[in-house]
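Visitor: I would like to learn how to read the features of a protein model. Please take me through this one step by step.

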Amino acid sequence: MAKRKKLSQGQQRRVRSNLKKRLNYQKDESKFDDSQLGPAQEGRVISRFGQHADIEDSSGDIFRCNIRRTISSLVTGDRVVWRNAKENDPSQGINGVVEAVHPRQSLLTRPDYYDGIKPVAANIDQIIIVSAVVPEFSSHIIDRYLVASENVEIKPILLLNKIDLLDDASRKSLDQQLQLYQELGYQTLCLSCETGEGLDALHALLKDRTSIFVGQSGVGKSSLINALMPEVEAVTNQVSENSGLGQHTTTTARLYHFPSGGELIDSPGVREFSLWDIPVERITWCFKELREFIGGCKFRDCRHGDDPGCLIRQAVEEGTISQQRYQSYHKILDSMQDQPTRQRPQS
């Protein structure tokens, strides 16, 4: 008989946590039967909390609901069918049940080391990649986010924050770097919450669209949201009072509405998209200027480095492809090789 392998402390914590979730889920699931629920109605997922979700009805009211076990995936932005409880229990704060999820128009995902590919938000029109000019502008970080956006085929917009901290020479240098992305067809915007520069243009970009902010910590996403939506704190407190289950934290994505039209998903937990789940060929495709050369190299297994007959390297040497982006492409591929074998997809 094989000796049972002892679990590490981290594995034991995850086992206990998953067991607790299952027990709580079964308890919540038995809270309502059909006779206790009203008719089916349409709703929108405002936020997801473990085995519960905040659902907005057609009137704009928000209800915290259980999620049926038949629903395998539910995230902020999903459009759902749900049923309100005929009699709510204020002490529990659970007001209904999510019955079904409508097909998604788009889905932003990210890889997780333990849970595989995790959905972040659904039905998004555009991804606002927020970066900052201090301590320095990093094109490599932007390229990683662009790969993540291209992979899920959701429009990215580059937003450079804190430009009030630049002097004239630094601003000119930044404009030159941004020109590379503009020539590739990416929309860019420079903005300052301090001076207000770019805020009107950002409002126009967000109007009548569902957008999500992504970016590393310290780039000023919270300041941007406060500048765009000063009423967010009041809305958050109101949601907390309605649900009875504590205030919204920054560990989960949440959807807000602009009074003038459009929606913004605040997702501070998405600090950087890892890329180990994307096959090498797909990484190449996600660099949009490389696409026309895919499949044209002398060898089918060309890695677009020193391989003989590589059309991509030839295009770099001829100036058709930016040396900066080419180096960033290989830097991403090198970083993927550093991941454990079990995490890397087969190329």
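Guide: The axes are lines fitted to C-alpha atoms, for helices over the stretch in contact, and the angles run from 0 to 180 degrees between N-to-C directions. Helices (H or I, at least four residues) and strands (E, at least two) are DSSP runs, numbered from the N terminus. This is a predicted model, in which local features need pLDDT of at least 70 and side-chain atom pairs count only at pLDDT 80 or more, while totals for chains, interfaces and linings use all residues. Residues are numbered from 1 along each chain as its sequence is written, and side-chain values use heavy atoms, with hydrogens and water left out.

Visitor: How many helices and strands does the protein chain have?

Guide: The protein chain has 9 helices and 13 strands.

Visitor: At what angle do the axes of H2 and H9 cross?

Guide: Helix H2 (residues 139-152) and helix H9 (residues 323-337) cross at roughly 70 degrees, and their axes come within 10 Å. The two helices are therefore roughly perpendicular to each other.

Visitor: Which residues make that contact?

Guide: Contact means heavy atoms within 4.5 Å. From H2 come Ser139, His140, Asp143, Arg144, Leu146 and Val147, and from H9 come Gln324, Arg325, Ser328, Lys331, Ile332 and Ser335. For classes, Ala, Val, Leu, Ile, Met, Phe, Trp, Tyr, Cys and Pro count as nonpolar, Asp, Glu, Lys and Arg as charged, and the others, Gly among them, as polar. The contact of H2 with H9 has 3 nonpolar, 5 polar and 4 charged residues.

Visitor: How do H4 and H5 pack?

Guide: H4 and helix H5 (residues 221-228) pack at about 80 degrees, with axes 11 Å apart. H4 is therefore roughly perpendicular to H5. Leu199, Leu202, His203 and Leu206 of H4 meet Leu224, Ala227 and Leu228 of H5. By class, this contact has 6 nonpolar, 1 polar and no charged residues.

Visitor: Is serine 47 buried or exposed?

Guide: Buried means under 20% relative accessible area, exposed over 50%, and partly exposed in between (1.4 Å probe, protein chains only). Serine 47 has 0% relative accessibility, so it counts as buried. Serine 47 lies in strand S1 (residues 37-49). Its side chain reaches the backbone oxygen of alanine 253 at 2.8 Å. Apart from neighbours within four places in sequence, serine 47 is in contact with Ala53, Asp54, Thr76, Thr252, Ala253 and Arg254. Over the protein chain, buried residues make up 46% of the 347 residues.

Visitor: Where does asparagine 123 lie?

Guide: Asparagine 123 lies in the loop between strand S7 (116-122) and strand S8 (126-132). It has a positive phi of about 60 degrees although it is not a glycine. With a relative accessible area of 4%, asparagine 123 is buried.

Visitor: And where is aspartate 208 found?

Guide: Aspartate 208 is in the loop between helix H4 (199-206) and strand S11 (210-214). Aspartate 208 has a positive phi of about 60 degrees, although it is not a glycine. At 57% relative accessibility, aspartate 208 counts as exposed.

Visitor: How far apart are aspartate 33 and alanine 85 in sequence and in space?

Guide: They are 52 residues apart in sequence and 9.5 Å apart in space, C-alpha to C-alpha. Aspartate 33 sits in the loop between helix H1 (9-29) and S1, and at 41% relative accessibility it counts as partly exposed.

Notes:
Angles under 35 degrees count as roughly parallel, over 145 as roughly antiparallel, 65 to 115 as roughly perpendicular and the rest as oblique. A polar contact is a pair of N or O atoms within 3.5 Å; within protein, one must be able to donate a hydrogen and the other to accept it, and residues adjacent in sequence count only if both atoms are side-chain atoms.
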